[in-house]
Amino acid sequence: MFNPASSTRRQFIAALIAATVLAMPAVASEPHSTDWASPESIVQALHEVVSADAGQSWDWDRFRALFIDGAMISMAVKSAHVPGLMVATPEELIQMTETSYASTGFHEIPLIIRTTEYGAMALVTNSFEIKLRRDDAEPLMRGLNHFQLLHDGERWWIVSNVSTIETDDWKLPATFDPSLADSGQ
């Protein structure tokens, strides 16, 4: 039997639920909205998103969401195989990663992170190690990242990432080398 009062009540409840959902901030529905809550969280998110096992796919939309438009990624390399500077946009880095590491895997694991904030600007420097498989006994290489971040009043953005890979000539500074930082050297 049709009851107009209960039908109106159901429509009202449905409309109230729809209005509540639509009024919720968009950020609440974003699965990785905490990625850009702090300078440390955005750097941690970058390390997570560039890391994947062989055959796994990367979450490149999450990666893209970390960078402000026009962001640049640069690396100084001292190697017989790849000497010089590499400069790339986030999109170019995606292509290089897919081409170079899809079949081997790639894990960039943060070691020590230091942050300096001033107003809407933050500088984050961190040491890291690279492993093809997270459980590899020894890292393939280690290096140092330097991130420049800006806060737009709502969230942090990566403006640039400058990094270098450790060599015999370019050792990690003692304050960023876990084996030396722990021993007080």
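Which strand does methionine 72 lie in? Methionine 72 lies in strand S1, residues 67-77. The legends below describe a predicted model, in which local features need pLDDT of at least 70, side-chain atom pairs count only at pLDDT 80 or more, and totals for chains, interfaces and linings use all residues. Residues are numbered from 1 along each chain as its sequence is written, and side-chain values use heavy atoms, with hydrogens and water left out.

**View 1. Nonpolar surface patch with Met72, Leu85 and Val87.** Together these residues have about 300 Å² of accessible area (Shrake-Rupley method, 1.4 Å probe; for residues, only the protein chains shown count as cover). Patches are made of residues with over 30% relative accessible area and no salt bridge; like charges are joined within 9 Å, and nonpolar side chains (Val, Leu, Ile, Met, Phe, Trp, Tyr) within 5 Å. Methionine 72 is partly exposed at a relative accessible area of 31% (buried is under 20%, exposed over 50%, partly exposed in between; 1.4 Å probe, protein chains only).

**View 2. The largest nonpolar core, with 27 residues.** Such a core is a set of buried Ala, Val, Leu, Ile, Met, Phe, Trp, Tyr and Cys residues joined through side-chain atoms within 4.5 Å. Ile42, Leu46, Phe63, Leu66, Phe67, Leu149 and Ile158 touch the most other members. The largest share of this core, 5 residues, comes from H2. Isoleucine 158 touches, among others, Ile42, Leu46, Ala71 and Phe147 (heavy atoms within 4.5 Å), not counting residues up to four places away in sequence.

**View 3. Salt bridge between arginine 64 and glutamate 91.** The closest N and O atoms are 2.4 Å apart; a salt bridge is a side-chain nitrogen of Lys or Arg within 4 Å of a carboxyl oxygen of Asp or Glu. Arginine 64 in helix H3 and glutamate 91 in helix H4 are 27 residues apart (helices, H or I, at least four residues, and strands, E, at least two, are DSSP runs numbered from the N terminus). Arginine 64 is partly exposed at 34% relative accessibility, and glutamate 91 is partly exposed at 37%.

**View 4. Salt bridges of arginine 142 with glutamate 166 and aspartate 177.** The N to O distance to glutamate 166 is 2.8 Å. Glutamate 166 and arginine 142 are both buried. For aspartate 177, the closest N and O atoms are 3.0 Å from each other. Aspartate 177 lies in the loop between S6 and H5 and arginine 142 in strand S5, so this pair ties together parts 35 residues apart in sequence. Aspartate 177 is buried as well.
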